[in-house]
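Thank you all for coming.

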Amino acid sequence: MADAAGPFYIPMRVFDFVRRLGRKPSKPPPAAVAYRPRDCHSHVLWGVDDGARTRDEAIEMLRLLRQDGARRIVATPHIYPGRFPNEPGPLRERFEELCRARDEAGIDVELELGAEHFLDETLVRRVEDGAHVCFGPERYVLFEAHTGPTIPVHLDDAVRAIVARGQTPLLAHVERYRWARGEEGWEVLADLRAVGVRFQVNRTVGHVNVPGEGSRGRAIARLLEEGWVDEVGSDLHRPTADGRPDPYPSPAA
Ligand SMILES: [Fe+2]
């Protein structure tokens, strides 16, 4: 049977083999984001944000995360003024319902309530008033910032307020932020670590984030190299492989 490359097919393969022999061995890729028994970032609380929509969907998500290796799942619903105006009291009530649903479904996983606080001008006051939610022995306060190129205006003040309460700021999905890229961005991240901020990165259910895949993958690779991946979360919004919510008009999720 005639080959598309015609008489050049075999010589080209030989040429390619010789070319590969002369190449220096490539640097091994950095280790991928490892599974952790505690999932620090998930939207399994139903009916409060863009995560689980129903009790059944929440149960499906708990099962999926349990099958995926999670032993403890921190529910981190959005507290996002203007979009998801949640308050700790009602979130605790829904969390109790989630715990009962888990028991009835017989899912062997520990649950804890946290929140994903949006960094804006209201967060400092919220922290000072104790109207926020922290979790874990680290007393983590998970917070997310906008993803644009400029350093968030209220970042320093919010970090200071959290640290002043003896709690630990945990920056959500650090790999997403354009303001944290480039040499200037890495200096900002180093400064944040120096004052006690810890970093969470996202993984995808069913597989780890592979460093090198796009700008987020490159950011994760560098975070791993620096030893700056403190916590890992699924950021699961749906009981699906990618777990993403319905699209928003704006980029935060
Ligand atoms: Fe999230």
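A donor, as I use the word, is an N, O or S atom within 2.8 Å of the metal (3.2 Å for Na, K and Ca), and since water is not among the atoms, a site may look incomplete. The donors of the iron ion follow the spacing H-x1-H-x72-E-x118-D along the chain. This is a predicted model, in which local features need pLDDT of at least 70 and side-chain atom pairs count only at pLDDT 80 or more, while totals for chains, interfaces and linings use all residues. Residues are numbered from 1 along each chain as its sequence is written, and side-chain values use heavy atoms, with hydrogens and water left out.

Which residues supply the protein donors of the iron ion? They are His41 (NE2), His43 (NE2), Glu116 (OE) and Asp235 (OD), at 2.1 to 2.3 Å from the ion. His43 sits in the loop between β1 (38–39) and α2 (55–67), whereas Glu116 belongs to strand β5 (residues 116–118), so the pair ties together parts that are 73 residues apart in sequence; helices here are DSSP runs of H or I with at least four residues, strands are runs of E with at least two, and both are numbered from the N terminus. Both His43 and Glu116 are buried, a word that stands for under 20% relative accessible area, with exposed being over 50% and partly exposed in between (1.4 Å probe, protein chains only).

Turning to the sheet, 6 strands form an open sheet with parallel pairing, in the order β3-β5-β6-β7-β8-β9, where two strands pair if DSSP finds at least two bridges between them. At the edges stand β3 (78–79) and β9 (231–233), each with a single partner strand, so one side of each is left without a neighbour in the sheet.

Leaving aside neighbours within four places in sequence, His117 is in contact (heavy atoms within 4.5 Å) with several residues, among them Ile79, Leu123 and Phe143.

Finally, Thr240 lies in the segment after β9 and, at 35% relative accessibility, counts as partly exposed. Thr240 and Leu64 are 176 residues apart in sequence, yet 8.4 Å apart in space, C-alpha to C-alpha.
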